[in-house]
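Biologist: I would like to go through a model one feature at a time. Could we take the ligands, then the metal site, then a residue elsewhere?

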Amino acid sequence: MRVLGIESSCDETGIALYDTDKGLLAHALYSQIELHAEYGGVVPELASRDHIRKALPLINQVLTQAKLKRNDIDAVAYTAGPGLVGALLVGAAIGRSIAWALDKPAIAINHMEGHLLSPLLEQNPPSFPFVSLLVSGGHTLLVDVKGVGQYELLGESIDDAVGEAFDKTAKMLGLGYPGGPILAKIAEQGTPDKYQFPRPMTNRPGLDFSFSGLKTFAMNTWLASEQSEQDQADIALAFQTAAVDTLIIKCKRALKQTRHKTIVVAGGVSANTALRSSLNALPNINAYFPRPEFCSDNGAMIAFAGAMRQSAMTKQDKPTFAARPRWPLDQLKPA
Ligand code: KG4
Ligand code: ZN
């Protein structure tokens with residue numbers, strides 16, 4: 001079965017073709033970073049319009065790459081939420097229309113489930129059950145994963161997502177957009193232990209996170225400094241070290257609580273090398289990640305999630321669809 005995947009929940013148009021026998025056939029990504037850079041963040045209306053411009057050409061490109069015709073598509077998977085509603089509606093409308101025209105099933109995929117399953121696209125994928133740490137610009141989630149669609153939420157951020165805290169701290173340090181990867185790069189020049197930042201919510205039980213205080217701590221440290229390039233690097237490193245440490249403390253707790261021996265990390269922040277090496281260093285635990293290009297939003301994870309849920313794909317019976325700006329993972333049904 002060949003599944004066309006369409007991702008358009010935020011500022012990336014991602015398209016892919018996944019074959020349940022042969023694996024990933026082709027994928028393409030268009031990032032809107034340049035479009036939004038001058039505004040310092042994603043402008044939803046501009047994002048929607050750009051998805052409209054890019055989705056169909058990318059679908060054609062991916063079909064050409066895979067040497068396939070439209071009729072070779074057996075099902076269409078599209079991101080239906082969570083995300084920006086206008087952007088989601090573009091992918092949903094295009095995905096549903098193609099499925100309708102081809103008389104093939106269409107399936108609405110949860111974007112966070114796409115991230116969660118993305119490490120399974122790699123060779124030697126993890127096996128269930130495992131703890132999943134989902135770290136993106138909009139979410140910080142710890143999930144007990146027993147199978148596809150069997151998700152128990154263990155903890156989440158009560159305020160900023162960790163990626164959001166990276167982005168806001170980077171912006172405040174004058175590092176540009178999107179800040180996370182830039183901050184991580186600058187942190188390489190930082191002096192270790194120059195500053196000690198707090199590890200929020202780690203001295204009380206539970207698996208929830210809070211990152212907005214860390215961002216404020218970074219701001220106050222910056223304002224009290226001479227604001228030199230070295231101060232930028234030192235603060236970036238102190239922030240990153242504290243954020244990663246906080247994530248690791250909670251991951252260890254979640255692994256202990258569930259007794260799972262496997263941690264699977266995904267979402268934009270899973271590209272962070274400090275986070276990766278700290279997780280790889282956990283004793284007696286196996287850590288799995290997506291390849292760097294599939295950490296952030298992409299079509300491959302949506303095509304793959306669609307393939308994992310092919311049993312849920314029934315012939316569509318009515319030409320209606322909905323986008324869900326909010327869509328908690330634990331509301332999903334098992335595959
Ligand atoms: O998963 P994603 O592409 O989009 C959402 O679904 O939100 O995640 C984007 C987030 C941004 O906040 C970005 O700054 C962060 O991931 N990010 C990073 C790194 N690469 C991307 N944060 C820290 N270190 C990185 N290397
Ligand atoms: Zn994402």
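**Reading the ligand and metal sites**

Modeller: In this predicted model, an oxygen atom of ligand 1 has a polar side-chain atom of Asp167 at 2.5 Å. The protein covers 84% of the 560 Å² of accessible area that ligand 1 has on its own.

Biologist: Which elements give two or more residues to the shell around ligand 1?

Modeller: Those elements are H4, helix H5 (162–172) and helix H6 (179–187).

Biologist: Which residues come nearest to ligand 1?

Modeller: Gly137, Asp167, Gly268, Asn272 and Ser296, out of 18 residues around the ligand. Two of these glycines have backbone contacts to cite. For Gly137, a backbone N or O atom is 2.8 Å from an oxygen atom of ligand 1. For Gly268, a polar backbone atom is 3.0 Å from an oxygen atom of the ligand.

Biologist: Now the metal. Which residues coordinate the zinc ion (ligand 2)?

Modeller: The zinc ion (ligand 2) is coordinated by NE2 of His111, NE2 of His115 and OD of Asp297, at 2.0 to 2.1 Å. Along the sequence, these donor residues follow the spacing H-x3-H-x181-D. His111 belongs to helix H4 (residues 111–117), while Asp297 sits in the loop between strand S10 (286–288) and helix H10 (299–308), so this pair ties together parts that are 186 residues apart in sequence.

Biologist: How should I read the angles at such a site?

Modeller: Start from the ideal: four tetrahedral donors have angles of 109.5 degrees at the metal. To count as tetrahedral, four donors need all angles between 85 and 135 degrees. Here the 4 donor atoms of the zinc ion (ligand 2) make angles of 95 to 140°, and the site is irregular.

Biologist: Let us take Gln240. Where is its place?

Modeller: Gln240 is in helix H8 (residues 229–258). Its relative accessibility is 7%, so Gln240 counts as buried.

Biologist: What separates the C-alpha atoms of Gln240 and Met1?

Modeller: A distance of 42 Å separates them, for residues 239 apart along the chain.

Conventions. Residues are numbered from 1 along each chain as its sequence is written. Chains are lettered from A and ligands numbered from 1 in the order in which they are written. This is a predicted model: local features need pLDDT of at least 70, side-chain atom pairs count only at pLDDT 80 or more; totals for chains, interfaces and linings use all residues. Side-chain values use heavy atoms; hydrogens and water are left out. Donors are N, O and S atoms within 2.8 Å of the metal (3.2 Å for Na, K and Ca); water is not among the atoms, so sites may look incomplete. Four donors count as tetrahedral if all angles lie between 85 and 135 degrees; four count as square planar and six as octahedral if opposite donors are over 155 degrees apart and all others between 65 and 115; anything else is irregular. Helices (H or I, at least four residues) and strands (E, at least two) are DSSP runs, numbered from the N terminus. A residue is near a molecule or strand if one of its heavy atoms lies within 4 Å of it. A polar contact is a pair of N or O atoms within 3.5 Å; within protein, one must be able to donate a hydrogen and the other to accept it, and residues adjacent in sequence count only if both atoms are side-chain atoms. Accessible areas come from the Shrake-Rupley method with a 1.4 Å probe; for residues, only the protein chains shown count as cover. Buried means under 20% relative accessible area, exposed over 50%, partly exposed in between (1.4 Å probe, protein chains only).
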